[in-house]
Amino acid sequence: MAAWVASLAPGPAIPDEEYLRADGNPTHGGELFRINCAMCHNAVGAAGALTEGKWAPQLKGVSEKHIYEAMVTGPQNMPVFNDANLTPEDKKDIITYLKYVENNPSVGGYELGSIGPVAEGLFVWIFGMGFIIAITVWLGAKSN
Amino acid sequence: MSEIEKVYESGLATKADRPIKDPGIEPHRIRMTDKDERAARNAERAVSVMFLISIVGAIIAVWGFFAFPIVDGDLSATRNNTFWMGVGMALSLLGIGFGAVHWAKTLMPDHEVSEERHIARSSDEARAQAVEIIKLADGESGFTRRKLIRRTLYGALAFFPIPALVIFGDLGPTVGDTLKHTMWKKGTRLTKDPTGIPIKASEVTIGSVFHVIPEGLKELDHDIKLNEKAKAAVLLVRVNPGDLKEDPAKKDWSYDGIVAYSKICTHVGCPVALYEQHTHHLLCPCHQSTFDLADHCKVIFGPAARPLPQLPITVDAEGYLVAQSDFLEPVGPSFWDIRK
């Protein structure tokens, strides 16, 4: 099947196994991810909106091979990141970073979906403000 | 003349046919703890339980500090440490607070006191007396009589704040023309962010996006670097040359379908980098301004008022992409003398 598709038009090959082990440098991968990917996919790959209802998908649970192939081919509206732009080593580091944030607990407390101020603001308004209002009502109420 | 009509005459209140009656003071309700000795004992116990919870909270905080030590390099250890310290200290402080309030509400004396508001207007005698004092002071000082003194005093008071204007006018270096220029100049190579590796035109395949910084930016001091990067960041894209709708005057600003645009949104300066390969839409994530990359980054949606400035590019003898010049208009948000 792959051979038949390859016979129709040239394209990037299936990535070598050594770049898919997620054992690169997650710090470097994180920096590259924030520069090249995070604006669409969110800083930890939690997905994000594009124009006119299109969106960049979540990267959690996506296989290493799939992530690598998406970078070299640019599916749908995703741009292409060829090997001159992000070397295979860079791609390996990006995959390492994504697997690292996927498999390690968030150090800053509950992630609430990692989607930033919307979820966090909603939580604070409902629970934080709710708690403060409840205390205020209790402070002002007379004892029976 | 009734009370209501008097208010109406002042012109500030609307006349009410059925003014709201003063509801008076609520009848005093005796608390359970005053009626029933058992309820008072329960309240006493509740207060002391809250104070005990406070003690337990303090112990939890100390326990958490030692049970989850902060280990260098292990961020989840820090998370556990701060979590238990925080929970313990919150219980400790809230226990004291809730206990004290419950104590005051249930067991401390329940007298209700009300005070009537006094009339704000001074008595006629006091007002006449105030006028007398002012007249006396005017007479004794000669403020009205001695014109020279009065006028020079007005002058002195008018001049007195001027030094402050001079000081506040010189709080720091003026912006000058720093908003109108970036690091880009003729021949500056386009390099990859963050590595600073120069980019060959042949490396930018169709559909590719490169995040670009000017050559030499990486070597600058940290503070200067951030300021320069905030103005000079560029998005480099190659599209099918047939897709570009180019203004004839700007035709040679691109190179074989490779275009470079400022990454700084002309609305409030967020990095615009959400590029869609097929629609050529460039979306700003902050306020959804959308630019048509194929049509000189014209604004097609959202609050941005100007197109993203284009960086004119070409290739040098070695095939590397270089700038033809700086941006020909200021990058980023508009400011009041942008066209000067």
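I first wrote down what buried area is: the accessible area (1.4 Å probe) that two parts lose on being put together, summed over both. The size of an interface is often given this way, as the accessible area lost when the parts come together.

Before reading any values I noted that this is a predicted model, in which local features need pLDDT of at least 70 and side-chain atom pairs count only at pLDDT 80 or more, while totals for chains, interfaces and linings use all residues. Residues are numbered from 1 along each chain as its sequence is written, chains are lettered from A and ligands numbered from 1 in the order in which they are written, and side-chain values use heavy atoms, with hydrogens and water left out.

**Entry 1: the interface**

I looked up the area and found that chain B and chain A bury about 3000 Å² between them, with 58% of it on carbon and sulfur atoms. Of the area that chain B buries against chain A, B:R79, B:K105 and B:E276 supply 20%, more than any other three residues. I then looked up contacts (heavy atoms within 4.5 Å): 34 residues of chain B touch 34 residues of chain A.

**Entry 2**

A salt bridge here is a side-chain nitrogen of Lys or Arg within 4 Å of a carboxyl oxygen of Asp or Glu. The rule finds two salt bridges across the interface of chain B and chain A. In the one between B:E112 and A:K142, the closest N and O atoms are 2.8 Å apart.

**Entry 3: which elements touch chain A**

Helices (H or I, at least four residues) and strands (E, at least two) are DSSP runs, numbered from the N terminus. On the side of chain B that touches chain A, two or more residues each come from α4 (75–106), β2 (209–214), β5 (274–275) and β6 (281–283) of chain B. The largest share, nine residues, is from α4(B).

**Entry 4: a sheet in chain B**

Two strands pair if DSSP finds at least two bridges between them. In chain B I found four strands in an open sheet, ordered β1-β2-β3-β4, with antiparallel pairing. β1 (190–192) and β4 (258–262) of chain B are at the edges with a single partner strand each, so one side of each has no neighbour in the sheet. β2(B) pairs with β3 (residues 234–238) of chain B over four bridges, in the antiparallel sense. B:V212 stands opposite B:V234 in β3(B).

**Entry 5: two backbone details**

Which bond joins B:D193 and B:P194? I found a cis peptide bond, with omega about 5°. B:P194 lies in the loop between β1 and β2 of chain B. In chain A, phi of A:A22 is near 55°, a positive value in a residue other than glycine. A:A22 is in the loop between α1 (2–8) and α2 (26–36) of chain A.
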